[in-house]
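Morning, everyone. Please bring the model up on your screens, and I'll start with a question.

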Amino acid sequence: MRRIFLALFAVLIAAGLAFTALHRRGTESSPLETLRAKTSKPGKSSVDHSLFTQLKTPFKRPQDVTAACLSCHNGRQVEVMRSSHWNWERVEYVDGKGIRPVGKKNVLNNYCIGVSGSQASCDKCHIGYGWADASFDLNNPLNVDCLACHDASGTYVKAAGAAGMPDPSVDLNKVAQHVGKPQRTNCGTCHFFGGGGNNVKHGDLEKALFDPSRDVDVHMASDGPDMSCTACHTAKKHQMLGKAYSVSSMNRNRVVCESCHSDLPHADDVLNQHTLKVACQTCHIPVYAKVNPTKLAWDWSTAGKLKDGRPYEEKDANGTDVYMSIKGSFVWGKNLVPEYAWFNGTASHYLVGEKFDPAKPLVLNPIGGSYDDPDSKIVPVKIHRAKQIYDTESDVLIQPKLYSSKAGDGGYWKEFDWGKAAEAGMKEIGVPYSGHYGFARTEMVWPINHMVSPRDKAVRCDECHAREGGRLAKLPGFYMPGRDRSPWVDRLGAALAGMTLLGVFVHGSARFFVSRRDGDK
């Protein structure tokens with residue numbers, strides 16, 4: 001009887017421990033489960049801004065809206081004015097060049113080259129009002145444009161060529177009374193159209209992400225998790241997590257997949273072994289520019305041709321611009337297989353006034369990393385190639401003045417005179433110009449991070465582990481099974497095979513002759 005009692009007691013203890021373990025497992029949420037729960041319900045403002053009397057007063061200027069916002073949200077302007085969204089630059093350590101302020105404000109790129117001299121056009125995407133030239137007051141909180149990120153009415157839009165001022169058609173009172181947390185439309189209005197049009201710059205950020213299917217992006221899918229940009233690019237005191245590799249140098253404040261998916265996200269250990277050296281994006285973004293094409297090459301040297309004295313445009317069969325008098329010639333691509341590179345999160349940058357060798361392509365933002373670097377992983381990238389203007393006497397890139405509202409101030413898009421545009425642009429950034437220009441080849445590297453495919457559409461093993469034509473065929477510095485060959489391993493294998501064959505032959509011959517001998521007896 002005692003034994004039966006003890007056995008029952010042991011069974012009850014075991015059942016209790018198992019129940020406790022299962023209950024704990026059921027109540028503890030992984031970061032991914034927490035994110036799913038957080039993003040499965042649309043955000044709702046805790047207050048009704050349409051009831052605030054200060055927002056019902058007719059606004060004559062957008063700055064008056066900002067003043068009304070700050071009357072309640074006091075102190076937020078200080079946070080905003082510390083952000084890179086506001087300053088368009090941040091202080092970074094650039095390897096070999098020291099601590100430097102870098103950002104959209106002062107780093108040249110492969111698309112419209114740079115904002116200096118063209119602020120009235122480029123600053124349409126700045127979160128401020130009126131940044132048209134160097135006289136703009138970055139310390140005036142009333143210049144902060146709260147509505148650019150917090151409009152929930154869907155009616156707020158900035159005017160073209162107006163230095164960030166809203167379009168005159170915007171009903172400021174309506175927008176001010178319908179505000180909330182940033183949504184996909186707020187971010188996409190600028191980030192999907194970088195470089196002068198839809199999907200021009202990034203290749204993996206475009207207007208299709210306003211309402212994507214699961215095949216386009218498994219995270220942002222309208223018929224799936226429907227995650228907004230801020231689900232990953234979280235903010236604390238208006239400091240957004242995540243940086244653009246085109247203008248940042250240090251490996252900090254990055255958004256990483258592992259935050260939700262962990263370092264070992266697969267049930268298959270073989271796949272998990274890849275995560276040490278292969279970024280999640282490498283397998284889960286097999287192609288980019290899935291819906292609309294992205295710009296792959298831009299030749300500024302062909303710009304300036306006119307018809308009947310007027311600028312013109314040429315489009316391909318899909319209606320995409322392939323030539324514009326104001327910008328030159330373009331090459332586009334869609335459903336593109338990325339190129340691949342080693343990347344440790346750091347990048348260098350070409351800084352204004354630096355000499356370079358125009359006989360070779362100049363990489364404006366070379367990314368750091370190698371197989372031997374423990375922080376490096378293989379990542380997918382878009383490499384954009386261009387020809388842009390440089391000073392043939394000093395061998396430095398030229399910042400041309402592109403936009404102007406009227407002819408006579410050197411703006412290329414009005415006067416089509418590279419000499420005048422170069423002189424005006426270089427004066428703006430304070431770099432000497434010799435008066436002689438040419439066009440040099442330049443490249444930019446853009447890591448691909450969006451347009452994540454479902455796992456059943458991920459890159460297959462044989463797409464990389466292939467002897468020829470694999471995705472990683474051109475990636476140097478390491479041995480990959482299936483792709484690479486080792487002469488010594490090949491010789492050893494051949495020797496073992498030969499010795500095995502010889503052994504079989506000797507053994508078989510011996511058996512044959514022994515059996516003959518025994519038979520003769």
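Which residue in strand 2 does Val91 stand opposite? Pro101. A word on the basis: this is a predicted model, where local features need pLDDT of at least 70, side-chain atom pairs count only at pLDDT 80 or more, and totals for chains, interfaces and linings use all residues. Residues are numbered from 1 along each chain as its sequence is written, and side-chain values use heavy atoms, with hydrogens and water left out.

Now the hairpin. Helices (H or I, at least four residues) and strands (E, at least two) are DSSP runs, numbered from the N terminus. Strand 1 covers residues 90–94, and strand 2 covers residues 98–102. They run antiparallel, joined by five bridges; pairing takes at least two bridges found by DSSP. Three residues separate the strands, and Gly96 in the turn has a positive phi of about 85°.

Look at the faces of strand 1. Arg90, Glu92 and Val94 point one way and are buried, meaning under 20% relative accessible area, with exposed over 50% and partly exposed in between (1.4 Å probe, protein chains only). Tyr93 is partly exposed, at 42%. In a regular strand, side chains alternate between the two faces of the sheet.

Next, helix 14, residues 418–429. Its buried residues are Trp418, Gly419, Ala421, Ala422, Gly425 and Met426. They lie on the same side of helix 14, because they cover an arc of only 160° around the axis, taken from the directions from the axis to the C-beta atoms. The face turned away carries exposed Glu423 and Lys427.

Notes:
Expected span 1.5 Å × (residues − 1).
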